[in-house]
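Hello,

Here is the structure I promised to pass on. Please have a look when you get a moment, and my notes come just below.

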Amino acid sequence: MCKTAEGRAKNARPSLLRRIDREDMQLGEPAPTMIAARSYYPGLLPSISFIISYFALQGVCTGLIIAATQGDLATPAPMSIIAGLAASAIAQLMLMWLYLRKNGRMEALGLYDFGSIPLHKATGLAISLVAAAMAFNFVYAHYVIPDIGMQDDMAKILAGIDRTPLNMATMFFAIAIAAPIVEELLFRGLLQNALAKYVPVWGAILLSSLLFALVHLQLYAIPALMTLSIAFGYLYHRTGSLRTNIILHMANNVFALLMTQFVN
C-alpha cells in the first residue's frame, strides 16, 4: 500500500488500526500480515455486497412469508412485513457472523468494548450528538415539510398489527434490536471504515450516511436520516466502539417505536 493511502487510513480510523496492530503483535504475525490487515479489512466490495444482500434478503423473506401466510403478494398484511424484516435480519446476521468471526474482526470493529475515550465522555458526546440531530429533525419536520409525516408509513404498518404478545415481541425484535445491530455493522462498522481508506473521515461519514438515508426509500426524509446517521458516524469515529453505537441506535429506535405505535 502506498504511503499516501496508508497515511490517510491511519488518520481516518486510528482506533481500528490500533486494534488490528495489537492483535497481530499478540499473535506474533509477521509485518506483511499486519500491512495486509490494514489494507484489506474491511474491504469496500464486501461492505457493499453485504448491504445489497441485506435488502435482497428483506424482499425474499417478506415475499416468502406473504406467500406462505396469505398467498396474495399485492396486499401484504402489516405483520408479514415486520416478520420479513425480522427474518431477513437474522439471516443477515448469520452471514455476517461467518465473515466477522475470523482473525479478530469483531474486536477490530469495536464490538467488545466501549471505545478509546472514557465512558462518561462518550455518554456526554452521544447525548449531545443525538440531541443536535433530533433538534434539526424537529425543525425540518415541522417547518420544512410540515404536511408530510416522516414516520407515517411505518406508523400505518404498525397500526395495522394486532397487539398479541407474539406480534409485539416480533415487532420489538425487528425494529429495536435486529435493525440497529445490522445497520450499525453495515454502515458504520464496514462501509464507513472501508470508505475511510479512500477519502477523509468526514467524507466517509457523509457518504455512508447518504447511502444509509437512501436505502430507507423515503426521499423527503433523507436530510433527517442523514443528520442522525452523521451523528452516529462521528460518534463511532471518536470512540472506535461499535457497541456504543448499537446501544444508542437501539435507544433511538425504541423511542421512535414508542412515538409511532403508542403515542400517535
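This is a predicted model: local features need pLDDT of at least 70, side-chain atom pairs count only at pLDDT 80 or more; totals for chains, interfaces and linings use all residues.

Residues are numbered from 1 along each chain as its sequence is written, and side-chain values use heavy atoms, with hydrogens and water left out.

Helix 7 has 26 residues and spans 36 Å from first C-alpha to last, close to the expected 38 Å (1.5 Å times one less than its number of residues). Its buried residues include Ala122, Leu125, Ala126, Leu129 and Val130 (buried is under 20% relative accessible area, exposed over 50%, partly exposed in between, with a 1.4 Å probe and protein chains only).

Phe138 also sits in helix 7, which covers residues 119-144, and is partly exposed at 45% relative accessible area. Together with Val139, Tyr143 and Val144, Phe138 makes a nonpolar surface patch of about 440 Å² accessible area.

Two loop residues are worth a look too. Asn103, between helix 5 (78-100) and helix 6 (105-109), has a positive phi of about 55° without being a glycine; Asn103 is exposed at 67%. Leu217, in the loop between helix 10 (201-214) and helix 11 (222-239), has a positive phi near 60° and is likewise not a glycine; its relative accessible area is 74%, so Leu217 counts as exposed.

Best wishes

Notes:
Patches are made of residues with over 30% relative accessible area and no salt bridge: like charges are joined within 9 Å, nonpolar side chains (Val, Leu, Ile, Met, Phe, Trp, Tyr) within 5 Å. Accessible areas come from the Shrake-Rupley method with a 1.4 Å probe; for residues, only the protein chains shown count as cover. A salt bridge is a side-chain nitrogen of Lys or Arg within 4 Å of a carboxyl oxygen of Asp or Glu. Helices (H or I, at least four residues) and strands (E, at least two) are DSSP runs, numbered from the N terminus.
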